[in-house]
Amino acid sequence: MEATEPPMSTLTQSIASRPIFRTARFLLRLAIAALFLFAAITKLVDPSSFVQQIANYQLTPWPATALLSVFLPALELCVGVCLLLGRWESGALAWVAILLTIFSGALLSAIVRGLSIDCGCFGRSIENTGTLWPLIRNLALLVVTGFLWFSRSTKSRPAK
Amino acid sequence: MTALRQTGFILLIAVGLAGVTAAVHPKRPSFLGPPRDPNEVTLAQTKQWAGNILWVDARSESEFAAEHVPDAFCLNFDNWTERFPKFLDRYNPGQRVVVYCTATSCQLSREIAAKLKASGVDDAYFLEGGWEAWKQQNRP
């Protein structure tokens, strides 16, 4: 995750400097921020309810499940705030990618094991979403995150 | 600041926030053990209710056809639309409804019990251990 990427080519720089590209990138970053903030707040409202949704996946023993029910919303909140403010963007995008990969793995394992459970992605605020559509949504979000990561401006890239 | 350092700082802040949540949130989870669902009942409890229980089998129709709790009613998400009116014909208000599915790992009984409650069946519960537990206790 060190800033070892090669410098942008002239063509890439030319595309990245267009206002429409920068606006689209800004809106996508805000959309991811809003999604993570919403997910965090809905879970932080009632961790004791969210813990049951994590337990439904049957992937972690109890103390870990309880810890995850307070840690995951806290991390989502931090990531959402960073993306909203445009601060520590590289670190926040890295966490978005890590979290989406973990969530997708958990959803996939639930599908493979035939578990009929709710995603729990947004606490109890949005229920009965199943597991397949959230998995597809997560994969689409990973693509967006990849775009945001590779299109970071030189300014937002960490200093060498 | 490197991306790695940023991820580290975000992690530290999140851990701190999680610690505060775990310490002071009025709805923080219990870290000692999972809370017992008030709608979950054990076989021992159902024996005390003998004679006033309507058993609901939430497994598939083929599993139900193979074997089931005597007089159980097959009701799951797949046949809900067709079977729920028939369930209401069988159900007497005041009767306790106990839903079971395959085993403890099965979540269907919990969800069907919740759906029954949402549909107006107040005394709907789900069986701890499911069909496996019932079969073990009632083995000939």
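**Figure 1. Salt bridge between Lys135(B) and Glu67(B) in the predicted model.** In this predicted model, the side chains of Lys135(B) and Glu67(B) meet in a salt bridge, with 2.9 Å from N to O. Lys135(B) lies in helix H6 (residues 130-137) of chain B and Glu67(B) in the loop between helix H3 (61-66) and strand E3 (73-74) of chain B, so the pair ties together parts that are 68 residues apart in sequence. Both ends are partly exposed: the relative accessibility is 36% for Lys135(B) and 33% for Glu67(B).

**Figure 2. Salt-bridge network of Arg25(A), Arg29(A) and Glu89(A).** Arg25(A), Arg29(A) and Glu89(A) are joined into one network by salt bridges that share partners. Over all chains, the count by this rule comes to 6 salt bridges. One of them pairs Glu89(A) with Arg29(A), and the closest N and O atoms there are 4.0 Å apart. Because Glu89(A) is part of helix H5 of chain A and Arg29(A) is part of helix H2 of chain A, this pair ties together parts that are 60 residues apart in sequence. Glu89(A) is buried, with a relative accessible area of 6%. Arg29(A) also counts as buried, at 11% relative accessibility.

**Figure 3. Salt bridge between Arg59(B) and Asp57(B).** The closest N and O atoms of this salt bridge between Arg59(B) and Asp57(B) are 2.8 Å apart. Are the two partners buried or exposed? Arg59(B) is buried, its relative accessible area being 5%. Asp57(B) is buried as well, with a value of 0%.

**Figure 4. Interface of chain A and chain B.** The contact draws 37 residues from chain A and 31 residues from chain B. Between them the two chains bury about 2800 Å², and 71% of this area is on carbon and sulfur atoms. The count of salt bridges between chain A and chain B is 0, whereas 6 residue pairs are in polar contact across the interface, both residues of each pair being at pLDDT 80 or more. On the side of chain A that touches chain B, at least two residues each come from helix H2 (19-45), helix H3 (47-55), helix H4 (62-85) and helix H5 (89-112) of chain A. H4(A) gives the most to this side, with 13 residues. By type, the residues on this side of chain A are 26 nonpolar, 8 polar and 3 charged.

Figure 5. His25(B) sits in the loop between H1 and strand E1 (40-41) of chain B. With 15% relative accessibility, His25(B) counts as buried, because the cut-off for buried is under 20%. The side chain of His25(B) reaches the backbone oxygen of Leu44(A) at 2.5 Å. Leaving aside residues up to four places away in sequence, His25(B) touches Leu44(A), Val45(A), Pro47(A) and Val20(B).

**Figure 6. Helix H3 of chain A and its cover.** Of the 9 residues of H3(A), 7 are buried, so this helix is largely enclosed by the rest of the structure. The buried residues are Pro47(A), Ser49(A), Phe50(A), Val51(A), Gln52(A), Gln53(A) and Ile54(A). Their cover draws on both chains and includes H2 and H4 of chain A as well as helix H1 (3-24) and helix H5 (108-118) of chain B.

Figure 7. Most residues other than glycine have a negative phi. Gln58(A) has a positive phi, near 55°, and lies in the loop between H3 and H4 of chain A. Gln58(A) is partly exposed, with a relative accessible area of 33%. Trp88(A) likewise has a positive phi, near 50°, and is found in the loop between H4 and H5 of chain A. Trp88(A) counts as partly exposed at 29% relative accessibility.

**Figure 8. Helices of chain A.** Chain A holds 6 helices and 0 strands, and its elements run α-α-α-α-α-α from the N terminus on. Of its 160 residues, 45% count as buried. Among the contacts in chain A with a separation of 6 or more, 71% are between residues 24 or more positions apart. The accessible surface of chain A comes to about 8000 Å², with 72% belonging to carbon and sulfur atoms.

Methods: Residues numbered from 1 in each chain as written. Chains lettered and ligands numbered in written order. Predicted model: local features only at pLDDT ≥ 70, side-chain atom pairs only at ≥ 80, totals over all residues. Heavy atoms only, no water. Contact = heavy atoms within 4.5 Å. Buried area = accessible area lost by both parts, 1.4 Å probe. Polar contact = N/O pair within 3.5 Å; in protein donor to acceptor, adjacent residues only side chain to side chain. Helix = DSSP H or I, 4+ residues; strand = E, 2+ residues; numbered from the N terminus. Nonpolar A, V, L, I, M, F, W, Y, C, P; charged D, E, K, R; others polar. Buried < 20%, exposed > 50% of the residue type's maximum accessible area, 1.4 Å probe, protein only. Areas by Shrake-Rupley, 256 points an atom, 1.4 Å probe, with all protein chains shown as cover.
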